[in-house]
Amino acid sequence: MPELWKMSASELARLIREREVSSREVVEAHLRRIAQVNPEVNAITVVLEETALQAADAADEAVRSGVTAGPLLGVPVTVKENIDVAGSATTLGIVALRDAVAATDAPHVAELRAAGAIPIGRTNMPEFGMRWHTDNDLRGPTRNPWSAGHTPGGSSGGDAVAVATGMAPLGLGNDGAGSLRWPAQCCGVTALKPSLGRVSQTSGDQPTPFAFQLLGVHGPIARRVSDLRLAFAHMCGRSGGDPWYAPVPLEGPPAEPPVRVRLATDPDGPDLDPGVAAALRRAAELLGEAGYVVEEGAPPALTRAGEIYTQIMSAYGRAHEKQPPVESLASDGFVRFWADYQPHWAHAGGRPAFDPMLERAQIARAWTAWMSETPLVLAPISTGPAFTVGADFDAAWLAGWPAAMRMAVTVNLLGLPAVAVPTGEAAGLPQGVQIIGPRFREDLCLDAAEAIEARSRSLTPIDPR
């Protein structure tokens, strides 16, 4: 049997259910892995050892007593520090919030607990989740296990690193601008960005700005696509008062075979890095081997979609009358980053819309028509691989970043599901792609991602290099 920390969530759940291992053994194996690896990568910020072991013992007692086991019984998970976990601080990576202890779990965390999952640690993130590299004054930087000189991504960088290094088989993060998919690309793991309305966005009594209600979603990170499917199935059942929540079946009608896929890039964006271009070609080949029909095609209104996304996030990304200025809470490094990025961010907004939601609806209709006969889109997450640490303080580099991420943020604007899946390595860094589907068709995205994964070499777990 492989070491427990190397195994998938599905495998661990089966072993615990069949009493081949105990949940305590599983949790202790991951705690040892955390002690061994985390000092090198700084992905897990708080280890929930005492409560995790208590939950493991309770899980083992349930198995011994013949109680029907939950599908994730005894499986450890990490949780990003902007998601409520009862008894733990929801810091958002901010020093001033280090003691902001949550009284209750976020709805999807409660669901996963009910399915038997055990929170084992909190994970690092950039301040406010508003940077594509994971660093803050409260916890310090998280290091990419593939290369300490390259970013692990953000804002769910802590979970991506924790999963990639075997400190947990599952991580819980969120995605408002590629924040699940980009760290997955940087760290060689897989991630699911669900449709808008799938997973409750409510969290405690804090106000949720309109932009994050519309553009942000919670989702899982894992090493195996099957684990994404398993976790996702147990994150969607509670509205939590979220006005966007939609109780839609997890499986839609079967797609008419052969399923068609468009390989799409940004015709107005920067050239693809050779490694990213090779990853797309490889994914297209693997889908073809699996029976999919892949054809190329340019997405409609992609440039304008990026502009409308930027306008909505700029105008409605904060509850200004309820929240203090960012500069009064953030580190000097974060303030410097946003000062350098602001002119490029403003430029990315393009021509001001009279009504950005009207234009969003027009773009959504165009994408619906475009995807009506070709339901899946194979696309890059970013046009480049993990950037070197510090690049996002360079004004010239920052000028190209909004266009580099345009495909990722368009998915957020339109509320579509997408799965990030690794395809291999280039120049010592992992490479990956995203599969985008129609709203509420996560099942189609997961199916295609599994087809790619089944024909690719697994990249993780790895030891830090």
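Which residues is Val-377 in contact with, leaving aside its neighbours within four places in sequence? I will come back to that in a moment, after a word on what we are looking at. This is a predicted model, in which local features need pLDDT of at least 70 and side-chain atom pairs count only at pLDDT 80 or more, while totals for chains, interfaces and linings use all residues. Residues are numbered from 1 along each chain as its sequence is written, and side-chain values use heavy atoms, with hydrogens and water left out.

Now to the answer: Val-377 is in contact, meaning heavy atoms within 4.5 Å, with Val-261, Arg-262, Ala-264, Trp-370, Met-371, Gln-434, Ile-435 and Ile-436. Val-377 has its place in strand S9, where strands (E, at least two residues) and helices (H or I, at least four) are DSSP runs numbered from the N terminus. With a relative accessibility of 0%, Val-377 counts as buried, a word that stands for under 20% relative accessible area, against over 50% for exposed and partly exposed in between, with a 1.4 Å probe and protein chains only. Between the C-alpha atoms of Val-377 and Gln-434 there are 8.1 Å, although 57 residues separate the two along the chain.

Let me widen the view to the sheet. It is an open one of 11 strands with mixed pairing, in the order S1-S3-S2-S4-S6-S5-S10-S11-S9-S7-S8, and two strands pair here if DSSP finds at least two bridges between them. At the edges stand strand S1 (44–47) and strand S8 (293–296), each with a single partner strand, so one side of each has no neighbour in the sheet. From one strand to the next the twist averages 30°, with angles running from 0 to 180 degrees between N-to-C directions and axes being lines fitted to C-alpha atoms, for helices over the stretch in contact. Helix H9 packs on this sheet, touching S7, S8, strand S9 (376–379), S10 and strand S11 (429–436), and its direction makes about 55° with that of S11. Helix H15 (residues 406–414) also packs on the sheet, where it touches strand S4 (170–175), S5, S9, S10 and S11, at about 35° to the direction of S11.

My last stop is Asp-266, in the loop between strand S7 (260–263) and helix H9 (274–289). Is this residue buried or exposed? Its relative accessible area is 14%, so Asp-266 is buried. The side chain of Asp-266 makes a polar contact with the side chain of Arg-406 at 2.7 Å, the term meaning a pair of N or O atoms within 3.5 Å, where within protein one must be able to donate a hydrogen and the other to accept it, and residues adjacent in sequence count only if both atoms are side-chain atoms. A polar atom of the Asp-266 side chain also lies 3.0 Å from the backbone nitrogen of Asp-268.
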